[in-house]
Every structure is written in C-alpha cells, then in structure tokens.
Amino acid sequence: MLKTTLYEKHVELGAKMVDFGGWNMPLYYKDGIVKEHLETRKTAGLFDVSHMGRLIIKGNDAIPFLQKVLTNNAASLQVGESQYTLIQNESGGSIDDAYLYYFTEGEYILVVNASNREKDVEHFVKNSRSFKELEIIDKTFDIDMISLQGPLSKNILLDLISSGSLPEPLRNKLSVVYINDNKVLIGRTGYTGEPLCYELFFDKKYSPELWDKILSKGAHPIGLGARDTLRLEAGLPLYGHELNEDIHIFSSPLSKFAVSFSSLKGEFIGKEELSKQFEALKKVEKGDYSQENDLPKIIVPIEIIEKSVARRNDKIFKNNRLIGYVTSGTVVPYWEKEGEGISTRLTDNYKFRSICLGIVDAGIWEKDYVEVEVRDKKVKAIVMPYLLRSEAPPYSYAITSSEILIEKQKVEQGNIKDSLQILIKKALDNNLWRQKECINLIPSEMTPSKLVKALSISDPSGRYAEHKKVKAYSGLDVFYYQGVNFIAEVEELLKSEFMKYFSCKNVEVRDISGQMANSTVFGGLVDYLNMTDKRTESKKIEQVLNHHIIKGGHLSAQPMGALKDFISINKITERPAVIDFPACADNPYKTDVEKTKEVILRYKPTLIIFGKSMVLHKEPIKEIRDFLNDQKLDCLIMYDMAHVLGLVGQYFQEPFCEGADIVTGSTHKTFFGTQRGVIASDFIETDIRYKLWEAIENRVFPGSVSNHHLGTMLGLLAAAYEMNYFKNEYQKKVISNAKSFANALTNNGLKMGGDPSISYTETHQVILEVGFSKGIEIASTLEMNNILTNYQATSEEEGFTASGAIRMGVAEMTRFGMGEKDFEELSEYIAGIILKGKNLKKQITDFRKRFLDMKFCFDEDNALNVINNLFDK
Amino acid sequence: MSEKIKYSKTYEYIIIKDNTGIVGVTREAVEKLGDIYLIDLPKAETECKKGDAAGTIESVKSVSEIYSPVSGLIFEVNENLKEKPELITEDCLGEGWIFKIKIADLKELDQLMDYEEFIKFIN
C-alpha cells in the first residue's frame, strides 16, 4: 500500500487505517465518524487528501487537449479560477470526475480520484497523440493536498497567513499565499457541502508542519469515513457509486455544471452522446419523457422515513414497481436548528437520520414517496430536493423531510372590523415608535416632510394620467384620460425642478422606483441598439462594467437583478458578460482607477454602471470619461446615484459635468422625496444619442408603467422644491455629520471601514466593521435599543448571512436636526451597546425627543392646513 | 451453577444461568461498530442453531449480524433496544442485553471462549 506524507501523523493520532484505492489512509480517528462529521459542520475539519491524483497539464496544446478529454469548458477559466469537470468516455459515461485548477498562467492542475489515477493517465496518453506541444506531469508524489472545511476554517487560515490573501469569498476562486516562507495554493473548493471551504496545495516537505499548525488552531482531523458521510449529506457523487463508465453522466445532478457544449470545445470525446442526454434532461425537467431512452435514470437524494438504514444496492420501488437502486446510503448525524429565518442557529443537540442517494427512473420527482427494500422489508422513504443547504454561510444546515413537507396553514376567517381596529392601533404604534422613539440610521431611508406626505394623499392619488408623445402633434404629449390638467402641469414642473437640480436638459419622472428607472434605461438601451433591425431577435448589451454586489454594488446592476434580461452571455465564460470594478488593495471601499483602466482596455465595455449601495467614496466619473475619450472608446456611462441622489452638488459630485451620460436615482434616500425613481440625461436633440433618450422615454410608457402613481409624484414636486431650496445647507451638513460620526465611533473604540485620512467617508454613509458573521446579531441588538441600522456583508464575506459590518447613514437624522456634537453623543451610546452590552433603550428614546422637528423644509403648519382641508366635510 | 460468561469468535457474549443464557455483544464489538443507530431484534419464540444470524446492528459504518453462540429457543428479546439502541453502547453487558435463550445442548458452551482466550483471540 502507498502512504501519504502524513501517514505517521495519522497513526500518532490513533487513526484506524485502511486500504483505500491502494493507499493506507485513516478511516476515522479516536473520536469516531459521527463526532468528526459533527465537528466539520460546527467548527472545522482537516482532511489529508494527498492520496488523490494531481496532474499538471501545460503547453500550447493544453487547452485543445483539455477541451477534448474533459467535459467542461477549460477555456472559460481565468487565472484564479477552478471548475468541476468529468473525464468522459465515448458513450457518455464517466472515466472519473475531477477538478481543474488554474493557479498560474499556462499551467493547469487536474485533481483526480486516487483509485482512478493510473486509468486516467493511460486514457490521457492515448488521447494526446495528436497534440505535439503538450506536457502531462504526474505530481501526486511531489505536491501534497489537504482540505480544511467548516465555519471556523476561514479564521484559522487568516491566523496563519503571513503574506497574500485568501481567495475571494466565492466558490471556485483561487489564490496564492505564504505561510511563513512556504508557498501554498488555496482553492475555495471542497467535498463536504460546507460554504467555508478551502483546499490547499503545497510542496510535500511542508506537509507535517502545516498539518500540525492547522490542528493547533482548532481544526479536527477527519478520516475517510466522515468524508463519505459529509459528501453524502451534501448530495455529492462518489466515483464508483454515482458515477461510472456505464451510468449516464447527466444522471448526476451536478453534471449540469460540469458539462459544456460551448463552441470553444469543438469536437470532444462523447459529445454526441452527451448532447442527446442533455436534450433528454431538459425535457425530463419539464415532465416530457419522450426522449427517455437517452436519459432513463436520474440520481436523487432520499430520506428514509421509517427507522431503518438503506445501503448500497438496496432496491427502490414506487407503488410496487422497481424503479432503481441505492447507490450510496448510511446513517448520518446532523445538528438540530432553532430560531426562524435570519436568527436560525445550530443547537448543541444532534440527531441521526438514514439517507441515501438512489438512481431511479427519470420521472421521479422531489417529494415523491418511494420504498426501499432493506433486507427483504420495504421501508417508506421520500425523495428530497436536497438534504443540506449551504447558502447561509458560515454554516450549512441539514434539511429534513419534516421541513419540506410543512403544509401551509389554513387562513383563519376573523372578524374584519376587529382586525381593522387592531391594524389601526398597530399602525399608530409603529409610527410613534419609528418617528418619535428611534434613531433611524438606515442609509437608504428618509422621512418625507409633513407637507410632502400630505400632498401625496390628496387627489390625484388614485387617478390616471398616461401620456405619450405623438409626432403628428409636433411631438407634444397626448393624455389618455380626462381631468389631468393639474397633474400634467405638476409633472412638467417636477421635470423642471430636476433639470435645475442636475443642470441637465432631459428628465423622466414617471418610474416609481430607482430599480425600475434602471430597468427602463437598460430596456431603452437595448431598443436603441436594435433600432435599425427590428426583425431579428434583439441583441442584448454586449459588455457591462459594474460594481459587484459583494463589493457594495446594487442588485439592479447585477445580472441576477434588473440587468438579467438585458445582458448578453459571454461566449467564452458562458456567463453574463459582466465584469466588475477592481477595488484598491488597501481600501476595499474605493475603486482602483488604474486597474479599472486596464480592465476597460481588456474587455471594452459598452456600458459602465457607476453607483453602489454600500458607498463611502465619490465615483471616479471624470477620470474614466477622460480615459475613454483618450482611448476613443465608445462606451455609455450610467451613474445610478441611488443613495447619493440628494448629494448632487458642490459638496459631492456633479455627474453631468464629470462626464456621465445617464443618471438614475431613488428619490427617497438622501433626496427628500416620496418613494419614486428618476432618469436624467444632458443630450441635446441634435446629438445621435438623443435617440437613446427617446428610446428610454418610450420604454417608460407603455413599457415600465401604466399608472405612474400620481399622488407621490405631486409629493415629489414639493420635495424637489425643498431640495432645491435647502440643498447647500443640507448637503454640507450631511457630509460633515458623517465624517464626525465615523471619527467619533473610532474614538469610542469601534472599527470603521474606509480611509481614516479623509475621516472614512465622502458620503452620508459610515461602515462599522464588527467581525465575520457578527453583523446580524449586532444589528438586532441595536434595534432592541431603538437604533435602526443595516447588517452588511463586506467584500470579505460569502453572503449576507455572514455579514461582518453594520451600514449606517446620517441623512435622515441630519434632517431632524442632529449636528456633529449630537452624532458624537450617539456614538458613545452605540459603543456602550456593542462593546459593553449596555441596555440603553430608554436613553435612546429620550435622546430622540430632542430631534423631532424636521429641518430643511418649509413651515410644517402648512401641512396641517392641507390635511384639515383634505378631510374637511 | 453460578453465573458464567463465555465469548464467541464473532464478539458475542453469553451469560449462563442454569440452562438459560443472556446474549449480547461485547464492549470490544461496540468499539468496532461505532455509534449504533438501529437494532433489528430476532423474533421471540424462535428456534435457532449455534451460529445462526439472530438480529442485526446498524451503525454509521455498517450492518453487523448478531450470531447466536448456542442452539436453543429464543424466548425473550429486549424490546427497549428499539427505542434506545444506545443502551448497547452504554451498558452492553447489563441494560444492553439483546435476547434470552433456552440452551438446547449445554455441551456447546465448551466450544466458546472465556475472557482471557477471547482477548487473546481478537489481538
């Protein structure tokens, strides 16, 4: 038997050693399989995976070779990325499953299963004869590999790294670090289903030291027994069980992510068979079994409902018909959960359940009941959609059959009049609480003035005023309804106020939210791009540069947000054609302008979307516009001002002066308005791009809106008057308050994100860094003390459930009269709550009492007159 | 005759009293099995021969058969193990007993090992 470098370590730790694929490997250590499984899910597990094969593939023919012998699109990998892939045979089955890593330019590492290494190499050699400039080097005995998985794994590695940084918090990302003087390649990959997952490659000389170091930081050694129970719970296939030369590749649910039919692959081994399987799969997923012969079986996770254990090869039945058999099965432990929604936690109690993966007829659906024959007895089981979920880092959560079978509660018929009285009381209580007792620091929120509120509920709320330009009438708007003279004038006046505010020529005010304004622009842009050819499928926006959501970008600019239907798919990466602004290495909240220029030259975006929802800095519009002009690149600059719309001016930015083409925004964040959206541009009518503006206007109606919520539009006009009148005073105060607030929080012992030399912020926002995954808890605690904030994931965190920061904005409270000294006082309270666990709800409520009069608005008595008038009999 | 304990090559024990025996699995078996999830008990009032399978134990690692160390009539099984299989892990010689058997041929007991022989055998 072969031994890994760490063999002695395993023996020292008391492992039970077994023969695995010809290697002498630890099956379990002293604590046993169950404890190892549970520790990986709660703390961190360390696995010696050096028995797996590591092959280096390089040379000019590396890509064409990999495209032929692997199922995934190797050419789509950028340096610093990896992908799951299969080594396929001609008949659409698999020779092995593997992972392809691209750490260094020109060199690929392919990790394969230990038991198949020799078979794989033989297959590669046989299929490499036509590639002259290709090297395949087996480095299994030179480079070692260990895997660290679990909620504490990130902090363990952060503690050990001496230089370099961990990969970005997204699966499949790679990086290179140094631990003392030893080079370690790290990939965010793993075989356990844990969201925090790292696999490490390094020279084998360093193995024992690195193993010990990681264990000393609190990781637990995990053997092959728990490795199997963990992967089974995660629904991951094991070669020999769920994958083999005969089983159709697309029977395995992960194959969708591992097989590519990109034209970049050309003709590859098994392409014809795999294409047929894929076509069949697409049909099967819609309930169409006409192509069943090409994909008769699929692999599904199953939970056994009766107390019994299903094991490999046990038969599976449905209504007494044999539908398949178990490919892998055993008993696994799981931590019980408590709490609901965002406050879900793992408890200290664990239970067992019997689960398996089964290969069954393609028509079997999730939540179908089946029977597994365990030693001559048929036991009841249920097909699960999944057994484990990893989208709420840093933990993974077991999902049991009782959870997925929860029936929706029958809606109780109540007494409507009573319900209404209760509603009124609750509404007034809520209003009192938020308006009089809380300090509202949520940066995207604002209270409109009483006058704005009052006007919003008057007639024309409830009316329609759809209108469209008709060229026959000299381009003037025609209204489709009667009784619209007043609101038509209001809309024109509102547009004027915005034109003054932005110093621009064109404004559109009908969209009823910022996100809608963005979709309208994207839709208008697509219409503009296709304005000559309306007969073929619309071409989508070719290449976009935006802020990634993990770096503070807003949803509406993401391909999974409003951009979804408007962005084309990049043929090489097979993903939406979006690239994101690089951030400065020393300040993740600031865009690295020089690196951005490199990205622009490389990808030649046709649309740049500035604007973020976690924002501390001005956007580098001028620098980028100047660069685009120098390079003669044709690119549209859009600035989604969202949060900072209320700061347009000398104290922040003047977007059109700096070179923006289109500005969108939410009128209810730093801007004083009702909740609506706005679009603006400065094109003159003789500019060819004015056609883009017309396309945008056409998209608004009849594309985005029918009714454009006239009440809030009237309110917005009053707010625009307020804004234009008070903006200099207001904007200056907001920014100085934000800076004071950030400085004061720092002086009170808290850690702020951003650049201390500019007092951390240039906007209304401050970012408080509270530590990995502490954000949710701290935001809750602050809320219990009547301070309302947002938990926020920074670019270090995997997702919002692991938020490590608190996002706050000073605009609303500035409007209620808070000044720098007041924010300093507030920061003492916040520090007391966070650092000393004080309960300061009463103090905060008293503090708020000093700030109930709204500033930067006209005499609020006006509002009372309006209300009385509105409701006067 | 006083109580005597004998051991089989397949890691079962039998506590002998007169001509009945209480059968279970040894601590050494428990260590090999790991965390026990489920016991499949033999049926009460069944005859069995020495070496016949009489129930199974499911653990995370595997299924293990329980083999009767003697021939005879199984007249009682430990129903508690259905709800609490962990009794075997916690107290294999006491609360974790599996079944009681009326021994058909006392001479079969000579083919079993005493504790020292058993320990020597498994090492």
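Where domain 1 of chain A meets domain 2 of chain A, 15 residues of domain 1 are in contact with twelve residues of domain 2. Here, contact means that the C-beta atoms of two residues, placed from the backbone, lie within 7 Å. On the domain 1 side, β9 (143-149), β10 (174-179) and β11 (182-187) of chain A each supply at least two residues. β10(A) gives the most to that side, with three residues. By class, the domain 1 side has eight nonpolar, five polar and two charged residues. For these classes, Ala, Val, Leu, Ile, Met, Phe, Trp, Tyr, Cys and Pro count as nonpolar, Asp, Glu, Lys and Arg as charged, and the others, Gly among them, as polar.

Some bookkeeping before going on. This is a predicted model, where local features need pLDDT of at least 70 and side-chain atom pairs count only at pLDDT 80 or more, while totals for chains, interfaces and linings use all residues. Residues are numbered from 1 along each chain as its sequence is written, and chains are lettered from A and ligands numbered from 1 in the order in which they are written. Helices (H or I, at least four residues) and strands (E, at least two) are DSSP runs, numbered from the N terminus.

As for the domains themselves, the bounds come from an automatic or database domain assignment. In chain A this gives domain 1 (1-50 + 142-222), domain 2 (53-139 + 261-286), domain 3 (287-401) and domain 4 (467-720). The C-alpha centres of domain 1 and domain 2 of chain A lie 26 Å apart.

Zooming out, chain A has 24 helices and 38 strands. Its radius of gyration, taken over C-alpha atoms, is 31 Å, close to the 29 Å that the globule rule (2.2 Å times the number of residues to the power 0.38) gives for 873 residues, so chain A is as compact as a globular protein of that length. The C-alpha trace of chain A spans about 90 × 65 × 65 Å along its principal axes. Buried residues (20 or more other C-beta atoms within 10 Å of their own, with C-beta atoms placed from the backbone) make up 47% of the 873 residues in chain A.

Now for the barrel. Six strands of chain A close up in the order β14-β17-β16-β15-β18-β19, with antiparallel pairing, and the twist averages 45° from one strand to the next. Two strands pair if DSSP finds at least two bridges between them. Here are some of the pairs:

| Strand pair | Bridges | Residues facing each other |
|---|---|---|
| β15(A) (315-318) and β16(A) | four bridges | A:Lys315 and A:Tyr325 |
| β15(A) and β18(A) (369-374) | three bridges | A:Phe317 and A:Glu371 |
| β18(A) and β19(A) (377-383) | six bridges | A:Tyr369 and A:Ile382 |

The hairpin of β18(A) and β19(A) has two residues between the strands, and A:Arg375 takes a positive phi near 45° there.

α2(A) touches β16 and β17 (345-361) of chain A, and its direction makes about 65° with that of β16(A). α7(A) touches β16 and β17 of chain A too, with its direction at about 100° to that of β16(A). Axes are lines fitted to C-alpha atoms, for helices over the stretch in contact, and angles run from 0 to 180 degrees between N-to-C directions.

Conventions. A residue is buried if 20 or more other C-beta atoms lie within 10 Å of its own, exposed if 12 or fewer, and partly exposed in between; C-beta atoms are placed from the backbone.
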